[in-house]
Amino acid sequence: MNQLDILVPFALPPAELARDLLRQSKAPSLAMLLGRGKATPLQSHDPFSRALPHEHWLARRFGLPPAPQDSSPAAAAALMHGLGHAPAAGHWFVLHPAHIHVARDHLVLTDIGQLQLEEEESRRLFAAALPLFEEIGHELVYGDARTWFIRADAWAGLRTSTPSAASGRNVDIWMPEGPGELAWRKLQNEVQMQWFAEALNEQREMRGQKAINSIWIWGGADAGASAQHSYAARFGLRGWMRAFGDGAQTDQANANANGNQVNDILRGDGHRLLVLDALAEAALAEEWGLWLQHLEHLDREWLAPLLVALRADTLGAVNLVLTGSDRLVEVAVTRGALRRFWRKPSLALLAERCA
């Protein structure tokens, strides 16, 4: 069947804000799909889970091995493959250069997507930190400007949090726990002290950018933990979601895509996946006016042409997977469902609370 799964992280705003936001939104195509489609029961997720609902969904959908209880998805090895590395035997973690700032009485992790870290800057930071890892016998691998990897066999079982789950919150709650916890904190502190003296951070601050003053660890996995899936094609896989790509399709779609790219997706056959993550940065920063703008852009540039394709039977079925910080719902829409004229288009589903 010619079916498209569309994952939209942060499409479900906080329940206390949802109704006010949706009264201001103009997303007629999304309203049509939600009003005419068949929704699964709204799923509630632990707000203190170490990964967000869309991250758990991806980990299950792509068959990542089970992570330690209450830990982030075991994505490191799959992401290394996605970035062109074949991990040596052992246990690997994802590392991100990060910014942690002081709030009134606690430390807060900034969304790593906002850091605007350039390749040359990241290479300089990597070179400065590398001796600290080598000194304690941990291999450090450069993936890209925002993504590095550390091999730490003795830390297998360390419970970690994804940066998205921890962003904007008190980092004490989300710090790693378990095997290697103290060794990690010592290494993290040494890297922070090393980077404190780096001139590039002063240069970044002079340009109005945040200093890169820490590192974040998550995604522990054995080297052989690859991703499995049944998708004929995958689109819009950015950031750590490149763990589920094949290199060729990873960047074919993004939040700024146009109709031509939609047409590229519609040319394919079989079961496909499209990730539309344009709402994430605004939601993590709690900039809800910007969130509304991005929602309307996704509706106009993506959902409107896909709705046309569904009506024309170019697309057989759409499965919308909408998530928030603690909720997830799936909505199945077929061409036949669109004929249910007695069901009014509505965004009300985005404001529903779990029972």
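The model is predicted: local features need pLDDT of at least 70, side-chain atom pairs count only at pLDDT 80 or more, and totals for chains, interfaces and linings use all residues. Residues are numbered from 1 along each chain as its sequence is written, and side-chain values use heavy atoms, without hydrogens and water.

**The sheet.** Select strands S7, S8, S4 and S9, which form, in that order, an open antiparallel sheet. Strands (E, at least two residues) and helices (H or I, at least four) are DSSP runs numbered from the N terminus; two strands pair if DSSP finds at least two bridges between them. S7 (140-144) and S9 (214-222) stand at the edges with a single partner strand each, so one side of each has no neighbour in the sheet. Next, select S4 (residues 91-98), which pairs with S9 over seven bridges; Ala 98 stands opposite Ser 214 in S9.

**The helices.** Select H5 (residues 119-135), which packs on the sheet and touches S4, S7, S8 (147-151) and S9. Contact means heavy atoms within 4.5 Å. H8 (residues 181-196) also packs on the sheet, touching S4, S8 and S9.

Now select Gly 113, Arg 146, Arg 238, Gly 239 and Asp 277, the closest to the centre of the largest pocket among its 32 lining residues. A pocket is an open set of points on a 1 Å grid over the protein atoms alone, where a 1.4 Å probe fits, with protein on both sides within 12 Å along at least five of seven lines; lining residues have an atom within 4 Å of a point. H11 (280-284) gives the largest share of this lining, four residues. Finally, select Phe 10, Pro 14, Ala 283, Glu 286 and Ser 325, which lie nearest the centre of the second largest pocket.

Methods:
Axes fitted to C-alpha atoms, helices over the stretch in contact; angles between N-to-C directions.
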